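Biologist: Can you take me through the inside of this one? Start with the terms.

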Amino acid sequence: MTHTPANDANWLMAALALAARAVGLTDPNPRVGCVLIAADGHTVLGEGHTQAAGEAHAEVMALRDAASRGVSVAGATAYVTLEPCAHHGRTGPCCDALIKAGIARVVQAVGDPNPAVNGQGAARLRAAGIQVDDGPVHLAIEARELNIGFFSRMERQRPWLRMKMAASLDGRSALDNGVSQWITSSQARTDGHAWRRRAGVVLSGAGTVLEDNPRLDVRLVETARQPLRAVIDSRLDTPLDARLFEVDSPVLLFAAHPATERIDALRVRGAEVICLPDAQGKVDLAAALAELGARQINEVHLEAGERLNASWLRTGLVDELLIYLAPMLIGAGRGMAALGPLQALEQAARFEFHDVCRIGPDVRVLARQTTNPPD
């Protein structure tokens with residue numbers, strides 16, 4: 001059997017490319033890819049990625065692909081981007097399917113953080129005489145990034161919260177009169193919808209619903225499913241004719257002031273209303289995030305106005321900023337987050353750059369929360 005670190009890396013990269021096809025399809029399950037390679041080290045026998053929740057996982061799809069080609073996988077190596085599952089969920093354990101098929105070796109990019117798996121899949125494979133190896137560290141990082149919300153929910157018991165903003169170079173998200181269409185380019189807007197597709201929920205605020213009347217759905221890129229749409233709406237100001245209700249996917253409203261007649265009217269429109277008041281009579285944002293986690297949401301994609309953005313930032317629960325910057329200066333206008341004046345720089349919410357790239361004429365900045373003090 002021919003195996004080299006380079007070959008292993010190449011086949012795991014192919015499996016990661018397959019896993020990327022599962023974005024917008026598999027939630028709440030992770031996005032996983034699998035490639036089956038013959039004992040010669042270079043012949044592809046089968047490949048696949050995880051399907052929608054309740055349907056086949058990547059390993060089973062790859063085994064089915066091999067069967068459709070009329071080839072045996074006995075003695076083959078399975079390259080998978082996440083440790084094969086060892087528990088009975090909506091489907092049977094993938095490690096059992098690999099054992100039954102006669103796989104000789106499994107190379108996994110990263111272990112499964114799910115407590116129901118977390119090393120048990122690899123242990124069961126080894127107990128059956130299958131060699132199990134880990135791939136290179138940089139591909140483990142890539143596999144984790146592809147499923148960052150799943151890892152967050154398994155390890156921290158809460159979803160990954162991403163705050164998306166579009167602004168001018170001087171940090172203005174809208175003119176002083178509220179006009180914001182369009183500060184950034186069509187390329188940036190399309191890219192933003194690709195990030196929406198990743199999410200289990202697109203979250204906004206009542207102010208944005210009243211001003212912009214958004215659908216909060218995925219339109220500019222293809223997707224197999226629409227995410228849940230949710231609104232922080234303390235007083236249940238969402239209009240009954242809001243465009244939110246035009247999309248065939250659920251709408252969840254987080255309120256602070258229960259008003260039975262209003263709730264009943266919104267429920268007739270198809271909305272689910274949950275009252276989570278805090279001590280100030282507003283929606284308890286931490287409780288709202290916990291509720292989304294309880295609904296098996298992996299990634300929360302937040303697109304809101306400067307006031308709600310500031311409220312979320314004050315909670316310390318924002319994991320990531322997704323910012324599109326247009327090459328223009330607006331001057332007076334609305335900011336990205338109305339945090340108010342600070343007395344000292346040490347009070348600032350700190351992030352570190354994770355990725356910076358060009359999207360059409362604009363710049364996309366991905367920054368993640370850090371507790372590291374500045375040098």
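Modeller: Buried means under 20% relative accessible area, exposed over 50% and partly exposed in between, with a 1.4 Å probe and protein chains only. Helices (H or I, at least four residues) and strands (E, at least two) are DSSP runs, numbered from the N terminus. This is a predicted model: local features need pLDDT of at least 70, side-chain atom pairs count only at pLDDT 80 or more, and totals for chains, interfaces and linings use all residues. Residues are numbered from 1 along each chain as its sequence is written, and side-chain values use heavy atoms, with hydrogens and water left out.

Biologist: Which residues of α6 are buried?

Modeller: I148, G149, F150, F151, S152, R153 and M154. That is 7 of the 9 residues of helix α6 (residues 148-156), so the helix is largely enclosed by the rest of the structure.

Biologist: What do the buried residues of α6 pack against?

Modeller: Their partners include α5 (137-146), β6 (160-168) and α10 (285-294), where contact means heavy atoms within 4.5 Å.

Biologist: New topic. How many residues has the largest nonpolar core?

Modeller: It has 41 residues, and L36, V73, I103 and V106 have the most contacts inside it. A nonpolar core is a set of buried Ala, Val, Leu, Ile, Met, Phe, Trp, Tyr and Cys residues joined through side-chain atoms within 4.5 Å. Helix α1 (residues 5-20) gives the largest share of this core, 6 residues.

Biologist: Which residues does a second core include?

Modeller: L276, I297, L313 and V318 are among its 31 residues, and this core is separate.
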